[in-house]
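Look over the sequence and the model below.

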Number of protein chains: 2
Amino acid sequence: MTLKKYAIIVAGGSGTRMGLSVAKQFLELDGLPILMHTIKVFQIADIEIEIILVLPTNQIDHWKELCKKHSFNCAHTIALGGSSRTESVRNGLNQIEAEGLVAIHDGVRPFVSKELIHICYNTAKDKGSAIASVMLKESIRFVKADENKAVDRADYRIMQTPQTFKVNLIKKAYAEAGNKEFLDDASVAEAAGSKIFLVNGSYDNIKITTPDDLDLAVLIYNKKTREQ
Amino acid sequence: MTLKKYAIIVAGGSGTRMGLSVAKQFLELDGLPILMHTIKVFQIADIEIEIILVLPTNQIDHWKELCKKHSFNCAHTIALGGSSRTESVRNGLNQIEAEGLVAIHDGVRPFVSKELIHICYNTAKDKGSAIASVMLKESIRFVKADENKAVDRADYRIMQTPQTFKVNLIKKAYAEAGNKEFLDDASVAEAAGSKIFLVNGSYDNIKITTPDDLDLAVLIYNKKTREQ
């Protein structure tokens, strides 16, 4: 049996960290808002994926205008952003009624690949979860108060998104999470007792949160366009 | 009393990881080899800094030609690269006879700032060591075999260079290190019982080791040039 596939695209940013008047997910890359680049990858990866876009209430009208302006396929459900990421994701999950698999993904990670999306769903189907992650490139130290010590970077992974789960597993975890704040969905699932399964992400799969990230995004975009 | 200041610039790369025939430290940024950009920052930061450049034996002639071609100030000592980073740094340290402070820095980190260099020497003078480091931008997990668990990224720092020490402290540590391999100089000093002191590095202070890094380097170089 094929499980239903959902993707919750979380676009909660207001642009304040960018020092910009426009929310970072609406900044353009090659003429198209970042958020559209992100959604497009999921649309192309598998036409069956049901996309749920989580947007702050005050950005919904603007988003609809942008979809019209760019003739963008807006066959996605919109969920309201909350006051925290946890609340935003929970609002997204509340839109899902059936069983299946759900990939939770940052709206400002446009360089997720179709292949990674496939791997995430396939792995989560088998293992319950699939979290994109990469190795650390540089050595790290553990710091506590004014003490610190070397730790082996090979023992750590940097988390990215998609963070993909069986729907019932992650819905139950978010129900138990209450108002507690978590860094990511894997932590929410872990707190509810689920084992977390990691898959290989990509260094290109950056989260665009600062002006420097946007410069880097142009670089990655051009590289990917060349490679196609 | 002013302590003597040394900088060991470690340029051991052969270019194999870049998939290039030229060693990565000789790749050009705005017409000048990366390694010259790196050395220049130390020359400009403080004219009193004695620079020791560690180069693989088979690159020394080429380096001298490049210095001539670029009319580059070559008032630096050259030490021979070893078969490992540990050996290369030890060869560099062997060139130092006086007491003082030594900043050990990657030849392919050209975006170290003058300010960071000053902070490193000043801090190492007080504390014995000063290691440039930055916070993690994304959440991480601790991984062991097929288990993994969330850890707080705020408890970790990514190490960069310069890694700066009192000369006698780091010379003693390298003497004790023997042939054991270490990830960085802070780990060598720590293994010999020294307390490690961290200072704030910069996200721009990247290590150029892959073709993608080189693209990013152009971006950072252009940004820094605009800011000047």
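V41(A) sits in helix 1 (residues 34-45) of chain A. In this predicted model, V41(A) is buried, with a relative accessible area of 13%. The cut-off for buried is under 20%. Which residues touch V41(A), leaving aside its neighbours within four places in sequence? They are P110(A), V112(A), S113(A), K114(A) and I117(A). S113(A) is 72 residues away from V41(A) along the chain. Even so, the C-alpha atoms of V41(A) and S113(A) are separated by 6.8 Å.

**A covered strand**

Now turn to chain B. Strand 6 (residues 101-106) of chain B has six residues, and six of the six are buried, so the strand is largely enclosed by the rest of the structure. In a regular strand the side chains alternate between the two faces of the sheet. In strand 6 of chain B, L101(B), A103(B) and H105(B) lie on one side. V102(B), I104(B) and D106(B) lie on the other. Both faces are covered.

Strand 6 of chain B also has strand partners. It pairs with strand 1 (residues 5-10) of chain B in the parallel sense, over six bridges. There, I9(B) has H105(B) as its bridge partner. Strand 6 of chain B also runs antiparallel to strand 10 of chain B, and four bridges join them. In that pairing, I104(B) stands opposite Q163(B).

**Where the chains meet**

How many residues of chain B are in contact with chain A? The count is 39, and they touch 39 residues of chain A. The area buried between the two chains is about 3,400 Å². Carbon and sulfur atoms give 50% of that area.

Strands pair across the boundary too. Strand 10 (residues 156-166) of chain A and strand 8 of chain B run antiparallel, joined by three bridges. I158(A) stands opposite I140(B) there.

Polar contacts link 22 residue pairs between chain B and chain A, both residues being at pLDDT 80 or more. On chain B, strands 8, 9 and 10 and helices 6 and 7 each give two or more residues to the side that touches chain A. Helix 7 of chain B gives the largest share, seven residues. By class, this side of chain B has 15 nonpolar, three polar and 21 charged residues.

**Charged pairs**

Side chains of opposite charge can pair when their charged atoms come close. Over all chains, the structure holds 28 salt bridges. Between chain B and chain A the count is 12. The table gives some examples.

| Salt bridge | N to O distance |
|---|---|
| E138(B) and R109(A) | 2.6 Å |
| R109(A) and D106(A) | 2.8 Å |
| E190(B) and R141(A) | 3.2 Å |
| D146(B) and K195(A) | 3.5 Å |

Are the partners buried or exposed? R109(A) counts as buried at 3% relative accessibility. D106(A) counts as buried at 6%. The next pair crosses between chains, from E190(B) in helix 6 of chain B to R141(A) in strand 8 (residues 140-144) of chain A. E190(B) is partly exposed at 23%, whereas R141(A) is buried at 1%.

D146(B) lies in the loop between strand 8 and strand 9 of chain B, and K195(A) in the loop between helix 6 and strand 11 of chain A, so this pair joins two chains. D146(B) counts as exposed at 52%, and K195(A) as partly exposed at 45%. Some salt bridges share partners: R85(A), D106(A), R109(A), D185(A) and E138(B) are joined into one network.

How values were computed. Residues are numbered from 1 along each chain as its sequence is written. Chains are lettered from A and ligands numbered from 1 in the order in which they are written. This is a predicted model: local features need pLDDT of at least 70, side-chain atom pairs count only at pLDDT 80 or more; totals for chains, interfaces and linings use all residues. Side-chain values use heavy atoms; hydrogens and water are left out. Contact means heavy atoms within 4.5 Å. Buried area is the accessible area (1.4 Å probe) that two parts lose on being put together, summed over both. A salt bridge is a side-chain nitrogen of Lys or Arg within 4 Å of a carboxyl oxygen of Asp or Glu. A polar contact is a pair of N or O atoms within 3.5 Å; within protein, one must be able to donate a hydrogen and the other to accept it, and residues adjacent in sequence count only if both atoms are side-chain atoms. Ala, Val, Leu, Ile, Met, Phe, Trp, Tyr, Cys and Pro count as nonpolar, Asp, Glu, Lys and Arg as charged, and the others, Gly among them, as polar. Two strands pair if DSSP finds at least two bridges between them. Buried means under 20% relative accessible area, exposed over 50%, partly exposed in between (1.4 Å probe, protein chains only).
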